[in-house]
Amino acid sequence: MNIVFLLLILVLCPICIMACGELKFEDVLADDEVDAVIISTPNKFHCDMTVRALESGKHVLCEKPMSIKLEDAISIVENELLDFNNSR
C-alpha cells in the first residue's frame with residue numbers, strides 16, 4: 001500500500017521541496033498508485049482535504065482534531081458513511 005504523508009512542506013521543511021519537487025494534493029488524489037493519505041496539516045485544512053480524499057476513493061487517516069467546527073466533522077462522517085454504503 002502506498003501512503004502519502006501530506007505535510008505543509010513549505011512550513012515544516014523548505015529544503016524538502018527543493019529536493020523533492022512540487023507536490024500537489026490534486027495530483028496525489030488522481031494517482032491510482034496511492035491507496036491512502038495521511039492528513040497532517042494545520043487544523044483548518046483537515047475537513048476539506050479529508051472529504052476530497054474520501055471522494056477520490058482514498059483511505060484517510062486524519063490527525064486530531066478531525067475539524068474545527070461540528071458541521072465539518074458531520075460532513076466528514078456523512079461522506080465516509082456514504083462511501084462505505086456504496087462499497088458494499
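Select Glu 26 to begin: with a relative accessibility of 48%, it counts as partly exposed (buried is under 20% relative accessible area, exposed over 50%, partly exposed in between, with a 1.4 Å probe and protein chains only). You're looking at a predicted model, where local features need pLDDT of at least 70, side-chain atom pairs count only at pLDDT 80 or more, and totals for chains, interfaces and linings use all residues. Residues are numbered from 1 along each chain as its sequence is written, and side-chain values use heavy atoms, leaving out hydrogens and water.

Arg 52 sits in helix α4 (residues 46–55) and Glu 26 in helix α3 (residues 25–30), so the pair ties together parts 26 residues apart in sequence. Helices here are DSSP runs of H or I, at least four residues, and strands are runs of E, at least two, numbered from the N terminus.

Next, pick Asp 48, which is partly exposed at 43%. Asp 48 and Arg 52 also form a salt bridge, at 2.9 Å, N to O. Both lie in helix α4, four residues apart, about one turn of the helix. Through shared partners, salt bridges join Glu 26, Asp 48 and Arg 52 into one network.

Finally, zoom out and colour by secondary structure: the chain has five helices and three strands, running β-α-α-α-β-α-β-α from the N terminus. Of its 88 residues, 26% are buried.

Definitions and conventions: A salt bridge is a side-chain nitrogen of Lys or Arg within 4 Å of a carboxyl oxygen of Asp or Glu.
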